[in-house]
Amino acid sequence: MAYTVPKLTQFDMDSVQEALRALHEALEAESAAVTNETEWKAFRDRWMARKSGMLSQVNELWLRVTPKEFKWRVGDAANEAKASVQREIQAALERLQDASLKPGASDVVDITLPGIRRPIGAEHPVIRTMHEIVGVFQKLGYSVAEGPVVETDYYNFEALNFPPDHPARDTQDTLFIAGQQAKPQRERLLLRTHTSPVQIRTMEKMQPPIRIVIPGTVHRNDPPDASHSPMFHQIEGLAVDTNITFGDLKGTLDHFVKALFGANVKTHFRPSFFPFTEPSAELYVTCFICGGSGKRGTDPCRPCKQTGWIEVLGCGMVDPNVFEFVKDNGYDPRKVSGFAFGMGVDRLALLKYGVDDLQYFFQGDVRFLQQWA
Ligand code: 2U9
């Protein structure tokens, strides 16, 4: 007796899962029974036909009859059924084609059969933003440096002028690798909280002058929400040479934001503090969503919290104390100076693409990601 979609009467997890299991069983059995093109077309139409297809039955007999409070559960089941049907129809077709290509199989390749569409995918919006930012600096002659995600306390904190009891060191911000207590503090392993340790490793390997940008993933002990994620992406930059000034920093970053957000954005630097830079600043640009008015039509502009300015990154002149850790490799703070900056890439991608929840970037939901396909 051929499978028919039963009308759902129970909406608890087991009943829905059971209905889905029975559908999958019938689908796989019928798919396996397809031996030629006619049967394939019949199979496809039986499951996909808009009017009486099985999937339309699922909408009728499952979704439409489901009480509101269970819609999410049955909705998921219906989506899974749809994805499985599409997959099985494709699989049956490929089996037919492969069969038709086997020696001895009827040497008639049926060119009327539709081709195999292989979705090629696209760059993730965060990675696309990262490449765009790195591209601006590569055009300025910067090279790209990378380094380990599992770092030591020395490279992630000590060499970056974080005093021993600096709050960022303790567990509520940093994810430490377990079982490290026996080791001296500076050798303890952790998940890097910024890409700054790569700058230290690079200065240990390369003599000045250097100009590098460091893209990468970083980890913080933050619960995931609309603007936080325990893993996110950063890009930091460092330029060290003889008599690099704050003016060079301002000019370089002004060029960067105009390249990324448009030539008409204006910048302003607000004093700030970071353990590894002195003086330090936060860079703000005129809000590229409301143009700086703080208003979108009559509504308040949320991305810039109606201020008309958006914070893009932190920056500053490299603190001479940091050079102390690499002075044997030519970084004598009396001879060289440098500037550095750091930005959260995911946050910039949210602003750039008008996405209001960071979690969308990490859920792998193709319906969301295919917007960038
Ligand atoms: C060395 C010397 C200086 C890197 C810098 C920042 C300012 C900064 C934050 C941006 C958003 C981290 O992702 S975020 O939360 N970073 O504001 N980072 S200066 O300064 C360095 C790095 C290395 C040797």
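How many nonpolar, polar and charged residues make up the shell around the ligand? In this predicted model, the shell has 11 nonpolar, seven polar and two charged residues. Together, 20 residues surround the ligand. The closest are Q234, F274, F276, G314 and G342.

Several secondary-structure elements contribute to this shell. Helix 7 (196–205), strand 5 (231–241), strand 10 (309–318) and strand 11 (337–344) each supply at least two of its residues. Strand 11 gives the most, with five residues.

The side chain of Q234 places an N or O atom 2.8 Å from an oxygen atom of the ligand. At G314, the backbone is involved: one of its N or O atoms lies 3.4 Å from a ligand oxygen. G342 also uses a polar backbone atom, which is 3.5 Å from a nitrogen atom of the ligand. Taken alone, the ligand exposes 570 Å². The protein buries 87% of that area.

Strand 5, one of the elements that supply the shell, also holds E236. This residue is buried yet has no salt bridge. R220 is the nearest side chain of opposite charge, and it is 6.3 Å away. The side chain of E236 instead makes a polar contact with the side chain of Q199, at 3.1 Å.

Two cis peptide bonds were examined next. One joins P208 and P209, with omega at about 5 degrees. P209 sits in the loop between helix 7 and strand 4 (210–219). Another cis bond runs from E278 to P279, with omega near -5 degrees. P279 lies within strand 7 (residues 277–286).

Positive phi values occur at two loop residues. N161 is not a glycine, yet its phi is near 65 degrees. Its place is in the loop between helix 6 (153–156) and strand 3 (189–191). Q306, also not a glycine, has a positive phi of about 60 degrees. Q306 belongs to the loop between strand 9 (299–300) and strand 10. Its relative accessible area is 47%, so Q306 counts as partly exposed.

Technical notes: Residues numbered from 1 in each chain as written. Predicted model: local features only at pLDDT ≥ 70, side-chain atom pairs only at ≥ 80, totals over all residues. Heavy atoms only, no water. Near = heavy atom within 4 Å. Polar contact = N/O pair within 3.5 Å; in protein donor to acceptor, adjacent residues only side chain to side chain. Areas by Shrake-Rupley, 256 points an atom, 1.4 Å probe, with all protein chains shown as cover. Helix = DSSP H or I, 4+ residues; strand = E, 2+ residues; numbered from the N terminus. Nonpolar A, V, L, I, M, F, W, Y, C, P; charged D, E, K, R; others polar. Buried < 20%, exposed > 50% of the residue type's maximum accessible area, 1.4 Å probe, protein only. Lys, Arg positive; Asp, Glu negative; His and termini not counted. Salt bridge = Lys/Arg side-chain N within 4 Å of Asp/Glu carboxyl O.
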